[in-house]
Amino acid sequence: MGEAVLVNRKKFVSSLANELVEPFDMLSKQTRVPKSRLLDEAIEDLLKKYEKKNG
């Protein structure tokens with residue numbers, strides 16, 4: 001079985017603080033929003049935050 005072809009996404013590897021893993025898993029399950037989509041939203045918010053700071 002081959003690896004999935006990603007057209008609109010790019011794969012990257014990262015790590016998460018231990019205390020964030022379970023709440024992140026629970027949020028994904030409770031909202032039925034995939035973790036990758038939650039990460040997209042969080043990173044978009046972070047970029048907006050720093051864009052405002054850096055003008």
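Helices are runs of at least four residues that DSSP assigns as H or I, and they are numbered from the N terminus. In this predicted model, the protein has 2 helices and 0 strands, and just after the helix called α2 the residue Gly55 takes a positive phi of about 65°.

**Overall form**
- The C-alpha trace of the protein spans about 45 × 30 × 20 Å along its principal axes.
- The radius of gyration of the protein is 14 Å, whereas a compact globule of 55 residues would have one near 10 Å.
- Of the 55 residues in the protein, 5% are buried.

- Lys52 and Phe12 lie 40 residues apart along the chain, and their C-alpha atoms are separated by 26 Å.

**How the helices pack**
- Two packed helices are described by the angle between their axes and by the distance between those axes.
- Helix α1, residues 18-31, packs with α2 at an angle of about 110°, and the axes are 9 Å apart.
- Angles of 65 to 115 degrees count as roughly perpendicular, and α1 and α2 are therefore roughly perpendicular to each other.
- On the α1 side, Phe24, Asp25, Leu27 and Ser28 meet Lys35, Leu38 and Leu39 of α2.
- The residues of this contact of α1 with α2 divide into 4 nonpolar, 1 polar and 2 charged.

Methods
Residues numbered from 1 in each chain as written. Predicted model: local features only at pLDDT ≥ 70, side-chain atom pairs only at ≥ 80, totals over all residues. Heavy atoms only, no water. Axes fitted to C-alpha atoms, helices over the stretch in contact; angles between N-to-C directions. Parallel < 35°, antiparallel > 145°, perpendicular 65-115°, else oblique. Contact = heavy atoms within 4.5 Å. Nonpolar A, V, L, I, M, F, W, Y, C, P; charged D, E, K, R; others polar. Rg over C-alpha atoms; globule rule 2.2 N^0.38 Å. Buried < 20%, exposed > 50% of the residue type's maximum accessible area, 1.4 Å probe, protein only.
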